[in-house]
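Reader: I have a model to go through and some questions about its packing. Can we take them one at a time?

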Amino acid sequence: MTVPECSPLLARPSAINSRGHWLAGVLLSLMRLTPMHAVSCIVLHIVSQLALLAAVLLPWKLLMILGSDTLPRLLPAFLRGYPADDLAWILGAGALAAFLAYALCEMGIGSVCGRGARSILSRHRKTGLFGSHRELATALYRRLLRSMGAAVSCALIAVWLLLFYPLLLLALATYLCGGLMAARWCKGPARQAWLARQSPQLRANGWWSLGFLYAVGWVVADYSRDSLPDTIVVFISLLLVRQALVLSAHIHRTYGLLEQQRSKAGALFLADIPWQPAAPADDAFQSLLERDRLRDWVGDVFATHVGRPEGEIATQCRLAGGARIISVTASGLAGGHRQSVLLKLYHASREELAQHEGEILRTAGGNWPAPALVADHGVDGHTCLVFRWHADAHWMTAEERAVRLPVIRERLLECELPEDLADRYDRSHPHLAGRLGAVDLAFLETLVPARSAEAFGRLREHWPALQAMLRQMPRQVVIPRLHQQRIGSLEGRPVVCNWSGWRWEPVGAGWPRSAHGQLRAALARAAAGRRALREVIPGQACLAALLYEFDHFMKNKDFAPAVRLIAPLSDALGHGPAAADPETEGGTLVYQR
């Protein structure tokens, strides 16, 4: 979603405040600072449009000659003296030359705009702007000058129509006026929402297609009055009308883009305007926390999945996930008993997270460290997951969470996915071994200090064997950043209330290095309830934990801690923290109990 940027600085009385004046100010700034670039770009744009028109017309003439071996009736007089064979070659060469001229003009526009944008930036000498501002400046500069060229082209088309076919000029003018009125009418919220669901290409194609049919209708009406100009005039005029409609759509899209990027465009092209990033729009999502709206949708969910509430529902709310997830605990009387639910409302843009969390929690067993998922519910186009809760449940403090984390990690070891869900996960997400296979070890070697060179060489030697080990290991559920998650105490047991980012990784993944001793003991206990864990050697699990942590650092391009992990990984290959760790024989990892 594109966030419209409207810096309040642009709305001050001393600044260029109205939309029309602001756009005029930007265009005047471009013309004043880079006059030669602007004029060159406009001229090149006009020439490219003429070349495009010739590239369209000449092949039609050529086909008529090749099809009938006679000269077309509407052929210019200076070409009628040539034989048909020579004329075919001339028209073919002319069509090719017109296309090459069009391509060269477009390349010239890109080159001129790039130099013009760099010239403006070097004159303003602003510092610390947003990322990729040079590329955006070139793109906006090109769009602005192409729009100016399009406006001049439309004016030239209007002159042609005025001289040769005034009726089509009237048709074009009435259609453009009708389009402006329709654009103002479509500014209502419901109509804007409907338009947003249509692709920009569909809107643009619909605009010029309807306009072209409208112009053809005027030509047909003119024919019925026996006042039609020459066929070549009608043909060229219709082509020009179509091109004017296409160019007008381009101008409108450029204006809309500038409105969305108004603060950035002002900072790039106006010397005294700083860039002030706008806060992201909340799409009315946060308004669901307003008292009346909260009471309405929470009451509806409560009545649907718990029972009709008897009196007021007590709620506690929390925003998470960049204000795109609303968490609500709701408690009230229903059926004579106090009932409680936990509601997680995901913004529509986070629908995939709600779907991912729902997939695993629908299969959760009673011993999983998770609240029971009751159902999912739609709220104004957003997905709400409904969990069973308890009136006496509470959120753990940081101290309580630190104490219960080992218990939660051990419970996650016992969680096993249904075969169907595990298969769908594997077809959606890369295996840890595959992610490690994509690591650029040659690049990483350049960051390794001399004291770790031997350890890196040993690790590199056994890299394929480590990947093979990971693929053969059973897997467990991993919740990324578990130590940062919100954990509740539900009927005396800890429950993790955010499973939206769960992973299915080799056993040991997600365990911090400080807890490897706990991992060994947890494996022994969890193996009593999950048969697959009985074949896992503790040394393998510790290696998987280190490799998962290494992959996390590499994915985030956090290379310094990744390099620091090389020595622990190399040590784990040879002697490990306890017995039954991997040993090396002939370049192959061998695990002994």
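Author: A salt bridge here is a side-chain nitrogen of Lys or Arg within 4 Å of a carboxyl oxygen of Asp or Glu. Note that this is a predicted model.

Reader: By this rule, what does the count of salt bridges come to?

Author: The rule pairs a nitrogen of Lys or Arg with a carboxyl oxygen of Asp or Glu, within 4 Å. Applied here, the count comes to 17 salt bridges.

Reader: Which side chain meets Arg293 in a salt bridge?

Author: The N to O distance of this pair is 2.5 Å. Arg293 lies in helix H10, and its partner sits in the loop between E4 and E5, 87 residues apart. The partner of Arg293 is Asp380.

Reader: Which strands stand at the edges of the open sheet of five strands, and why is one side of each left without a neighbour?

Author: The order is E1-E2-E3-E5-E4, with antiparallel pairing. An edge strand has a single partner strand, so one side is left without a neighbour in the sheet. The edge strands are E1 (314-320) and E4 (373-379).

Reader: What does the twist average from one strand to the next?

Author: The value belongs to the five-stranded open sheet with antiparallel pairing. From one strand to the next, the twist averages 20 degrees.

Reader: How many bridges join strand E2 to strand E3?

Author: E2 covers residues 325-334 and E3 covers residues 337-346. The two run antiparallel. Gly332 stands opposite Gln339 in E3. The number of bridges joining E2 to E3 is ten.

Reader: At what angle to E4 does helix H10 run?

Author: H10 spans residues 291-305. The helix lies across E1, E2, E3, E4 and strand E5 (382-388). Its angle to E4 is about 140 degrees.

Reader: Which strands does helix H11 touch?

Author: H11 covers residues 351-361 and packs on the sheet. Its direction makes about 30 degrees with that of E5. The strands touched by H11 are E3, E4 and E5.

Reader: Is H4 roughly parallel or roughly antiparallel to H8?

Author: Helix H4 (residues 133-164) and helix H8 (residues 231-260) pack at about 150 degrees, with axes 9 Å apart. The crossing is left-handed. Their contact has 18 nonpolar, five polar and three charged residues. Angles over 145 degrees count as roughly antiparallel, so H4 is to H8 roughly antiparallel.

Reader: How many nonpolar residues are in the contact of H4 with H5?

Author: The axes of H4 and helix H5 (residues 166-185) come within 6 Å and cross at roughly 135 degrees, which makes the pair oblique. H4 brings Ala158, Leu161, Leu162 and Phe164. H5 brings Pro166, Leu168, Leu169 and Leu172. No polar and no charged residues take part, and the nonpolar number is eight.

Reader: In which handedness does H18 pass H19, left-handed or right-handed?

Author: Helix H18 (residues 516-526) and helix H19 (residues 538-555) pack at about 135 degrees, with axes 10 Å apart. The two are therefore oblique to each other. Residues in contact include Leu519 and Leu523 in H18, and Ala541 and Leu546 in H19. The crossing of H18 past H19 is right-handed.

Conventions. Residues numbered from 1 in each chain as written. Predicted model: local features only at pLDDT ≥ 70, side-chain atom pairs only at ≥ 80, totals over all residues. Heavy atoms only, no water. Axes fitted to C-alpha atoms, helices over the stretch in contact; angles between N-to-C directions. Helix = DSSP H or I, 4+ residues; strand = E, 2+ residues; numbered from the N terminus. Parallel < 35°, antiparallel > 145°, perpendicular 65-115°, else oblique. Left-handed = near helix turned anticlockwise from the far one by under 90°. Contact = heavy atoms within 4.5 Å. Pairing = 2+ DSSP bridges. Nonpolar A, V, L, I, M, F, W, Y, C, P; charged D, E, K, R; others polar.
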